[in-house]
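Welcome! Please take a moment with the sequence and the 3D view below before reading on.

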Amino acid sequence: MTGGRVLAVWCPDWPATAAGIDAATPGAVVEGGRLAACTAAARAAGVRRGQRVRDAQRRCPDLVVRERDTGVEGRLFEVVAEAVTELVPKVEVVRPGLCAVPARGPARFYGGEEALRVHVQDAVVEAGYDCGAGIADGLFAAELAARRGGGVVVPAGGTAEFLAPLPLWVLERPELAGLLDRLGVRTLGDFAALPAASVADRFGADGAAAHRLARGEEPRPLAPGAAAAERTVRAAFDPPAERAEQVVFAAKRLAGELHAALAAGGTTCVRLAVEIGFADGRVLERLWRHDGTLSSAAVAERVRWQLAAWRPEPGTGDAVWGGVTWVELAPDQLVPDTGRQQALWGQSAVSERVARAADRVQALLGHDGIVRPLLVAGRDPGERVVRVPVGDLPPDGRPDGPWPGAVPGPAPAAVPPEPLPAEVTDAAGARVTVSARCAVSAPPARIAVGGGAAEEVAAWTGPWPVAERWWDPAHARRRARFQIVTAKGRAYLAAVEGGRWRIEAVYD
């Protein structure tokens, strides 16, 4: 939605709902070591989004903690979107947990905006999910209206007045809100009263967009393109595709073509329409919020959600109804592309020739048939490098640090697929142990790796204690690491856990 009257449907604490935690249970969903969402019962106990897990459990010892699964969130929210689609067309999924529709036409049909709001809210509740529905001028104000007491209707032209008393944190820009608070600006009304030119000079483009929201306007002016239909891309399947993976792979390729065509014309799209045609004549259509930020892999993932939500029966696996005959991607509402900053020294993207070759290999071997290694943050050498299918986005959700107990440099040369068994003994031949207080029983004198002959230890350092997932008894780990160099020049990263030694990495 980029203007006019908008109806927003907001499902509270959607990540927790998708994880199977009801509002009456103190629960939270964790992403990257911090709480991404929590239930109303958890908030009543002092738990807040963004807290570390241990801080939240200190406030609420009975807290149910689950890892976040964005794929499940997207697939499950399709049920909500479909319930809204039964009443009004052109449903736009902004993100899992929030969707929106133009309100002006449906409001006339249902006898007014309040009647429309109640109809939609009841439809979602009947589908099994709690929600709030609100109507206002623009998506931002409509979402906030949906969050207020189950939903309200903001009168036309009254958006600025509705937003004025709200705190700055509703902008979801914590750094900007913190800075404004230190400057004495504490509500959206205070922020909206500042001169627009001064805000843009002081806070840049993002601050200017937030200022427009505070004034009850959209974050950027509407500039729709008239030639959106010419950018539509389509793929046909003959014979019909019988597996969802075939459709997802084609959608990924189409998204790449669409992005290239839009970039060549200096435009991007606000929303993306995905239509899927089946052999029985059925057509599935869904609008997804784009704003120029969805990669080809992200578009393909949304097609997967769309298909998963329409699967006829549980247990049918990857099958789709009678086969898919075509899939189409159509940009909705073209806007000028403001551009992206490229790397100063050369391009960081994969060349077109390599990308085409990777696509051909993936077509033969499947989406996971060709991967690329990526360096990520972590504690173990084996988890610092992850393999991501070519074309997919790098994994997110893992914080940059700090990582207490991480192995210091230099990085090891080789990491075995599974840790190798080892024996580390002292000068008397007794196994070296580490106490709960990280006290070493005796200096390591010999090391034998994988059942081989023992070697003299020339140098060693450690221990570095590592305690992981102490809040989860099923996955908790406690170990101590050593770096050991033998008289023959071999260097190992060794770890002792539960009295047993393992070689986690080799330095030579």
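This report starts with the chain as a whole, then turns to its barrel and to its charged side chains.

## About the model

This is a predicted model, in which local features need pLDDT of at least 70 and side-chain atom pairs count only at pLDDT 80 or more, while totals for chains, interfaces and linings use all residues. Residues are numbered from 1 along each chain as its sequence is written, and side-chain values use heavy atoms, leaving out hydrogens and water.

## The chain as a whole

Along the protein chain you can find 14 helices and 19 strands. Both kinds of element are DSSP runs numbered from the N terminus: helices are H or I runs of at least four residues, and strands are E runs of at least two. Of the 508 residues in the protein chain, 42% are buried. Here, buried means under 20% relative accessible area, exposed means over 50%, and partly exposed lies in between, using a 1.4 Å probe and protein chains only.

The protein chain exposes about 25900 Å², with carbon and sulfur atoms supplying 54% of that area. Accessible areas come from the Shrake-Rupley method with a 1.4 Å probe, and for residues only the protein chains shown count as cover. Among contacts in the protein chain with a separation of 6 or more, 54% are between residues 24 or more positions apart; a contact means heavy atoms within 4.5 Å.

## A barrel of six strands

Which strands close into a barrel? There are six, in the order β14-β15-β16-β17-β18-β19, and their pairing is antiparallel. Neighbouring strands of this sheet are turned by 40° against each other on average, direction ignored. Such angles run from 0 to 180 degrees between N-to-C directions, with axes fitted as lines to C-alpha atoms, for helices over the stretch in contact. Two strands count as paired if DSSP finds at least two bridges between them.

Strand β15 (residues 446-449) is joined to strand β16 (residues 455-468) by two bridges, and the two run antiparallel. I447 has E455 in β16 as its bridge partner.

## Strand β18 and its partners

Look next at strand β18 (residues 491-497), which is mostly covered, with six of its seven residues buried. Strand β17 (residues 477-486) pairs with β18 over six bridges in the antiparallel sense, and R481 has A495 in β18 as its bridge partner. The hairpin of β17 and β18 has four residues between the strands, and there G489 takes a positive phi near 90°.

Six bridges also join β18 to strand β19 (residues 500-506), again in antiparallel fashion. Here A494 stands opposite I503 in β19. β18 and β19 form a hairpin with two residues between them, and G498 in the turn has a positive phi of about 65°.

## Salt bridges

Side chains of opposite charge can pair when their charged atoms come close. How many salt bridges does the structure hold? The count is 22, where a salt bridge is a side-chain nitrogen of Lys or Arg within 4 Å of a carboxyl oxygen of Asp or Glu.

One of them links E114 and R117, whose closest N and O atoms are 3.0 Å apart. Both residues lie in helix α6 (residues 113-126), three residues apart, about one turn of the helix. E114 is partly exposed at 41% relative accessible area, whereas R117 counts as buried at 8%. D181, partly exposed at 35%, forms a salt bridge with R186, with the closest N and O atoms 3.3 Å apart. R215 and E217 meet in another salt bridge, at 2.9 Å from N to O; R215 is partly exposed at 25%, and E217 is partly exposed at 32%.

R5 is found in strand β1 (residues 5-10) and is buried, with a relative accessible area of 4%. A network of salt bridges links R5, E113 and D137. The side chain of R5 makes polar contacts with the side chain of E113 at 2.7 Å and with that of D137 at 2.8 Å. A polar contact is a pair of N or O atoms within 3.5 Å; within protein, one must be able to donate a hydrogen and the other to accept it, and residues adjacent in sequence count only if both atoms are side-chain atoms. Not counting residues up to four places away in sequence, R5 touches several residues, including V101, P102, I135 and V153.

D13 sits in the loop between β1 and α1 (14-18). Its side chain makes a polar contact of 2.9 Å with the side chain of R43. Leaving aside residues up to four places away in sequence, D13 touches C38, T39, A40 and R43.
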